[in-house]
Structures are given as structure tokens and as C-alpha cells.
Amino acid sequence: MVTEFGLRLAISLTQIGAVMCIVVITVLILTLAERKVLGWMQDRMGPMEVGPYGILQPFADAIKLFFKEDIVPAGANKFIFTMAPILCLIPTFIGFAVIPWGPNWTFEINGIVVKPFIISDINIGILYILAFASLAAYGIILGGWASNSKYSLLGGLRSAAQVISYELNVGLSIVGVLILAGSLSLVKITDAQTGWFWNWHIFALPAPQIFAFVVYVISVVAETNRVPFDLPEAESELVAGFFTEYSGLRFAFFFLAEYANMVLVSCVASALFLGGWNAPYPGTLMELVGLSSWSWIESTMWFAVKTYSLLFLFFWLRATLPRLRYDQLMRFGWKVLLPIALANIVVTAIAVFIYQRI
Amino acid sequence: MRSTPTTKRLSLSEWFKTITFYEILVGMKATLSHLVNYRPITLQYPHEKRTLPDNYRGMLALLRYDDGTEKCVGCDLCEAACPSRVIRVVSAEVPGEPTKRYSKEYYMDMTRCLFCGMCVDACPVDALGMTREFEWAVYDKRQLHLNKQQLLAIGDRSFPVREKRLELQHPNVAFFNVAFSHVPPKPN
């Protein structure tokens, strides 16, 4: 009994450790990739000093942030000020527990069923992610409020205004996919998209979710506080927005949370709309050449390709678009995205209903 | 200042452009074309430096003649020409030679200098020069308050080729720094 519990714990901790490592490494790559891609798009070079072509820049940044002085401003609510970065970071990392990275395989160790490519296959995976993603916004709002600074407070308030504009649209744009897949589990949703790429939910009959995908991408850009919806941290208006007063490791937490959140929403988007770990063709090439036990590499690579393409889209948007005013964001969210998402649900529901009757 | 914006009738193509984010796509195409045709204009400054133009106006320096004597005759014209009062000259007679003057002290407050080159133009004996040095960032701005020795040192390292000292000059031309014993007497 104790050994079984210990084994389960060991397996889970191994998986959690592996996923955390992958996410943190991805964030390190992203911080460099963003600066490089932005630089290239603006005819600059990006970081070039640390290491060959600046590839060691993320480590230099990390070391710098570790050793910076940790300042708590006078008059700040110290408890909430300390808690806010953690409140921002943890929900983001928790979300990765239900992301399927690879094929839905299982194997047994001493009678314990282990799914190697997902930490926890719970049947309400997507609801779980949405719930925790909403919690992360509290970290931003509370961090802005607890700093005892005008700019932080304004950033936090803008974040609150932004939450009500995008949160609903993220949820509603997903509903069409849920109707098509008939499940809230990310594993089942991904499994429903096997085969050719036109089985992916973005193209799938009877109701292609292309509009829902667009709504989702625009909304998650707002959710992750990225340009053109980076109102809470608008550096040209509010010094750095909600993390103006943060320094050192707490700032690093906010930074990590933002990038991890980008990775999370890209993973969710690729799992929901772009077929997750499914290749654009049925099966895998590894199976064709007789290496079916290694086909998970190909699957995870496809997942990574989709996720990184979406992350590239984030950088691309940042290099292209200026920042919106927040009344524009709210008007866009409520008067454009929300009707599209609602219409998408109605159309998808009717199409699926008719499709099942035929 | 109406709360609702004026609704303009959109033509079909305009409407189509609006719903497909056409303008945003044009912008994204522009940024992507810069990524694909990647030609950075960055100069990796400390490693590679831009070639300076010939008339580059850099750090000021005091010059010497080829025999090592200072050119400066302490005439204060540079101080008068300077628009930002960078220069302060304390002029004095050369000991033992009452007809010659020199700058006993010469100070430049380079924190104020705007590198206009007027002092160089004003100098009657070309005792001032503009070098091609520009990397003069210092941690303490008092280090930019230069005295005569420092300015001469800058001149020594930037102008290795020195002008020959003229001992004979035409008597009708204003002349400085010339020992009068060498001038032939005017024929009466």
C-alpha cells in the first residue's frame, strides 16, 4: 500500500519535474527568440553580446534578476505584494498538468497505469485550465493594488477592465470545439482530431471552427497581456504597469508567468484547434518505417511545431501592431468578438445536430 | 464628442477588408518581409566602428611645434570665440622675453563644449586642433575638466606630425611667437 503510493508519487513527481523543466526551458528560449525575432523584423540584430550570437542572453538575464535587490516600496501591503507574483505564476504552471504532449499511450508499472505524455488526464481539463487562467489575473490586479503606486494601480485596474473583455470570449470560443468533440478532456478532444489535417477542429466538418480560432487567438493575446493588448503593462504610458514596483526575483516571477502563460495558451490552442500531437497526415511516418515505438517523438515534435508557430504569431503581432486603447479593447471584445463567438456556438450546435440526424 | 462613432456605409470590399483584418495582414506581411530579407543596419559598435568623415569635429587638443614648444601664445581669442564659455586662458609673458606671451594656464570644461570648432577657427597660430577622438565617456564628470597638460597630451597622441616652427615671417603680417632678435631691421 505504502509502496504503491510511493510509486505513484514518484511517477507523478517525475512527470511534473519533466514538464516544469520543459516549460522553463521553453520560456528561456522564448525570451531570446522574442528579442531576436523582434530585432530581425525591425532590421536590428537583437542581443549579440553574451555568447555567440547572444544565445546565452537568457542565462545572463536570469543571473542578473537573481542577484538584484528585492525592494518592497514604502506603504505597500507587504503580504499581498509578496503573494501577487506567486499568485500569478502558480496557476499558469498548474495548467500544464492537463496538456497532452504526445500520443495517448499507457503502460503499467506494478499494476499502476501510467500515461507518459500527460500528468493528469482529468475529464474537465479545459475547464480546469480556464479556471486557473482566470485566477492568474488576480495576481496582476492584486500586485498592482498592493504596490502603493499610481502606475501599478492603473495597470491593475486596466487588467481588471481587460479581464471582463477577454475572459468570456476565451470560454465561448472553446464551446464550439467542445460540441464537436463531445468532451471537456483535452486528451479526448485531441483524439477526436486524428487522421488528415482536415479533421482538425479548425477545418473539421460539419462546422469548421476557424472563426472560433481567430476569436480565441485574439482573446488569449489579451489574456497574456501581449501587444497589441498589453494595456496593464503599457510601458509608454504606465512606467511598467502592474509590475512597476517589482524588482529582482519577484519581477522574474511575473515575467516567467507571462511567458509560461503564452506557452500554455499556445498549447491549448494547438490541442483544441490544430489537432494537438496529431500529424497533418494519418498515423506517423515512424510507424511506416517500422519504428512504431519511437513514433511518440514525431507526435511530440508536431505538437511543438504547432505550439511554436503560435508563439511566433505572438512575436509577429508584437512587431506589427501598436497598442489599443482599453475602450477600444472593450468595445472590440464585447461588440465584435462576443457576437462572433456566440454565433459560432449556435451555428456549430445546429450543424452538429443536423449532422447527427443524417 | 458623441458616444457612438459615426457609422459610415461600407462598400462590400471595405466590409470584406474589415472582417478579414486586411490592414493588419498588410502590416504583418511588411514585418515578415523584413524578417525574410534580413539586412540589419546595426553596427556592432565596440567591435566595429563607423568610418569618420574627414572634417570630423572630435575632442579638442592643444598642439606643439616640431621642436616641442607650445604653439599657444595666450591671446585669449579662443576664449572670446567660444559660445559656451568652455575655455579659460590665463596669459602671461614668457619669462625673460618680454615681447612673447604664452598661456600660463589653459582650462577646458568639456562638459559644456558643443564641438562647434569656433575656437579652432579663431586661433591665429593654429594652436588648437580637433582630434578624431569621441570616446570620452567618464564615470566622474570632473575628469572632463581638462588642464593644459592634458590638452597637450591629447594633441601629442592625436597629431604626431607637427608643424614646423616659423622663425621668419613677413613683417607686415601679424605675427606671434617669434623672437624679435631674428627679424631683420626695417630699412629706413
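**View 1. Where H1(A) meets H8(A).** Here A:Val23, A:Thr26, A:Val27, A:Leu30 and A:Thr31 of H1(A) touch A:Leu256, A:Tyr259, A:Ala260, A:Met262 and A:Val263 of H8(A); contact means C-beta atoms, placed from the backbone, within 7 Å. Helices are DSSP runs of H or I, at least four residues long, numbered from the N terminus. This is a predicted model, in which local features need pLDDT of at least 70 and side-chain atom pairs count only at pLDDT 80 or more, while totals for chains, interfaces and linings use all residues. Residues are numbered from 1 along each chain as its sequence is written, with chains lettered from A and ligands numbered from 1 in the order in which they are written.

**View 2. The crossing of H1(A) and H8(A).** The axes of H1(A) and H8(A) (residues 248-272) lie 9 Å apart, at an angle of about 105°. H1(A) is therefore roughly perpendicular to H8(A), a term for angles of 65 to 115 degrees. Axes are lines fitted to C-alpha atoms over the stretch in contact, and angles run from 0 to 180 degrees between N-to-C directions.

**View 3. The largest nonpolar core.** Of its 94 residues, A:Cys88, A:Ala260, A:Val263 and A:Ala269 touch the most other members. H8(A) gives the largest share of this core, 16 residues. A core joins buried Ala, Val, Leu, Ile, Met, Phe, Trp, Tyr and Cys residues through C-beta atoms within 7 Å; buried means 20 or more other C-beta atoms within 10 Å of a residue's own.

**View 4. Around A:Ala260.** Not counting residues up to four places away in sequence, A:Ala260 touches A:Val23, A:Val27, A:Thr92 and A:Phe93.

Technical notes:
Helix = DSSP H or I, 4+ residues; strand = E, 2+ residues; numbered from the N terminus. Parallel < 35°, antiparallel > 145°, perpendicular 65-115°, else oblique. Contact = placed C-beta atoms within 7 Å. Buried ≥ 20, exposed ≤ 12 C-beta atoms within 10 Å, placed from the backbone.
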